[in-house]
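Welcome to a short tour of a protein model. Have the sequence and the 3D view ready, and follow the residues as they come up.

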Amino acid sequence: MREESEADRDGDADADETVVRRDRFAGGPARSFLSSLADDERIFAADLAVDRAHVVMLAEQGIVEDDIAGEILSALDSVEAAGHADLPDGEDVHEAIESAVIDRVGQSGGKMHTARSRNDEVAACIRYRLREDVLELVETVVGAREQLLAVAREERETVMPGYTHLQPAQPTTVAHWVLSYEQALQRDTARLLDAYERVNQNPLGAAAFAGTPFDVDRERTAELLGFGGVAENSMDASATRDFLVEVTSAVATLATTLSGLAEDVVVMASKGHVELDDDYASTSSIMPQKKNPDTLELVRGRTGDATAGLNGLLTNLKGQPRAYNRDLQRAGRHAWDAVDSVTESVEVAAGAVATADWPAETLEAAASEGFATATGVADLLAMAGVPFRTAHEVVAEAAAGLDADDDAPDYEAISAVAEDVLGAPLSEFVEREAVERALDPAESVAMRDSRGGPAPSAVAEQLSTAEDVLAAHRAALESTADAVESAHGRRRAEVDRYV
């Protein structure tokens, strides 16, 4: 049982005193302004993990007695069971947990802070928790890619219009369009996994910024926390938050990918080219006939959360001198907000595409609009030996002669222009049947079988490659998550030796 302290005997006069600040800086109007305790709930579990690893290391190094380490570790278990809401007041969760430990075991509980500062402690907690967030986001993106690949397999031969500048351009397929976003998400996944490696470094042992005279083992705390290595320079280890920038930048890029996908689907829905499942749409409060793609509009809108987070974080860090400054207390929230917002966006965007209906007849009819097969006819002439620019001129003149109600010229119209431009009948260059096939959207798509193209055969190759990349990313995710889980088990086993 904790002994009655002097503060207890003095009543409420010193109620604001803390284990770090004591009574000199205990109160005043700025007290709540300085506190991040409420926001720190996110890193409560991380701080407990960091505390346990540090205390185990201190005991192993003979810096703290085994019995004292055991008391502290038992108290940390009690603090964890009570939860964040039960913590005493403090400037932050780190101070509050230390106060709670001292409340339970007495002043010897303060030995848990030997050979460290809140500076390296908080840096370790942020990295520890951010790791979890990055892995959750990667898992969500990998799951989204699986959903998109399923759509691509199903819609390999579903012809649809392709656009540039929002104008009819060339026919493509739903699968080809879906795979364009899956490939972008491949890069988003790779960026997050790459950033993870630099997040996953141990700053503990750096202390305030100038190291410590105690014989600490930084590799040991890295092992107990599952960090992949040690953040070497002690000043950089305590001060840097560039890992937050890197993750938030990757998240903002991912959000931009999702925003493009959402915009495409919103536009398609407005043309009747896709039918969203009711779970991803809503109706008007006054116009009951409406079916609005609201979820995708929010995906598009949430991109601002991520880009604002990146801007806020860079602004926070700009111009800070080495080593630690209180500005950093506000840095993490920008990354947390971006990660939370975009993780939800990934799930919604992928779910909307995966559950949507793609009306094949409507899409193929739309793929003929605006003479979208023009390039295919020009390519056909070019393959027959006509200079592409001359072939382009033939098709352009044929397009210029179209009536307002026509989507494409017929063979005779193109042949007439060709004879005028080329000085010879069109049949001397290409067969009529070949031209008529090129005018058909499905045939036009089938012609484009170059690597990465929309032809079903080319899409099949893309699907195979995408599945291989997805499997590699899934394996990397599982391996990384297993390493973190293994560290948790090792840490718990070491704690149990003292408790």
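## Salt bridges: the ground rules

A salt bridge is a side-chain nitrogen of Lys or Arg within 4 Å of a carboxyl oxygen of Asp or Glu. With that in hand, look for Arg42, Arg129, Glu132, Asp133 and Asp340, which are linked in a network of salt bridges. Searching the whole structure gives 29 salt bridges.

Some background before going on. This is a predicted model, in which local features need pLDDT of at least 70 and side-chain atom pairs count only at pLDDT 80 or more, while totals for chains, interfaces and linings use all residues. Residues are numbered from 1 along each chain as its sequence is written, and side-chain values use heavy atoms, with hydrogens and water left out.

Helices (H or I, at least four residues) and strands (E, at least two) are DSSP runs, numbered from the N terminus. How accessible are the two partners? Buried means under 20% relative accessible area, exposed means over 50%, and partly exposed lies in between (1.4 Å probe, protein chains only). Arginine 129 is buried at 16% relative accessibility, whereas glutamate 132 is partly exposed at 45%.

The other two pairs reach across the sequence. Glutamate 246 and arginine 198 meet through their side chains in a salt bridge of 2.6 Å, N to O. Glutamate 246 belongs to helix 10 (residues 242-271) and arginine 198 to helix 7 (residues 174-199), so this pair ties together parts that are 48 residues apart in sequence. Glutamate 246 is partly exposed at 28%, and arginine 198 is partly exposed at 37%. Next, lysine 111 forms a salt bridge with glutamate 65, with 3.2 Å between the closest N and O atoms. Lysine 111 is in the loop between helix 5 (93-105) and helix 6 (118-154), and glutamate 65 is in the loop between helix 3 (44-60) and helix 4 (66-82), so the pair links distant parts of the chain, 46 residues apart. Lysine 111 is partly exposed, with a relative accessible area of 32%, and glutamate 65 is partly exposed at 40%.

## The nonpolar cores

A nonpolar core is a set of buried Ala, Val, Leu, Ile, Met, Phe, Trp, Tyr and Cys residues joined through side-chain atoms within 4.5 Å. The largest one here has 109 residues, and those with the most contacts inside it are Ile97, Trp177, Val251, Leu254, Val353 and Trp358. Helix 6 supplies the largest share of this core, 17 residues. There is also a second, separate core of 21 residues, which includes Leu380, Val394, Ala434 and Leu439.

Contact means heavy atoms within 4.5 Å. Which residues does valine 353 touch, not counting residues up to four places away in sequence? They are Leu148, Val151, Trp177, Val178, Leu261, Val265 and Trp358. Threonine 480, in helix 19 (residues 456-498), is buried with a relative accessible area of 16%. Leaving aside neighbours within four places in sequence, threonine 480 is in contact with Leu135 and Tyr196.

Two strands pair if DSSP finds at least two bridges between them. Strand 1 (residues 159-164) and strand 2 (residues 167-173) pair in the antiparallel sense over six bridges. Proline 161 has proline 171, in strand 2, as its bridge partner.

Two residues lie between the strands of this hairpin, and histidine 165 takes a positive phi near 55°. Leucine 166, in the loop between strand 1 and strand 2, has a positive phi of about 65° although it is not a glycine. Leucine 166 is exposed, with a relative accessible area of 60%.

## Backbone details in two loops

Alanine 115 lies in the loop between helix 5 and helix 6. Its phi is near 65°, a positive value in a residue other than glycine. Is alanine 115 buried or exposed? At 8% relative accessibility, alanine 115 counts as buried.

Finally, look at the peptide bond from arginine 322 to alanine 323: the bond is cis, with omega near 10°. Alanine 323 is found in the loop between helix 11 (294-317) and helix 12 (331-354).
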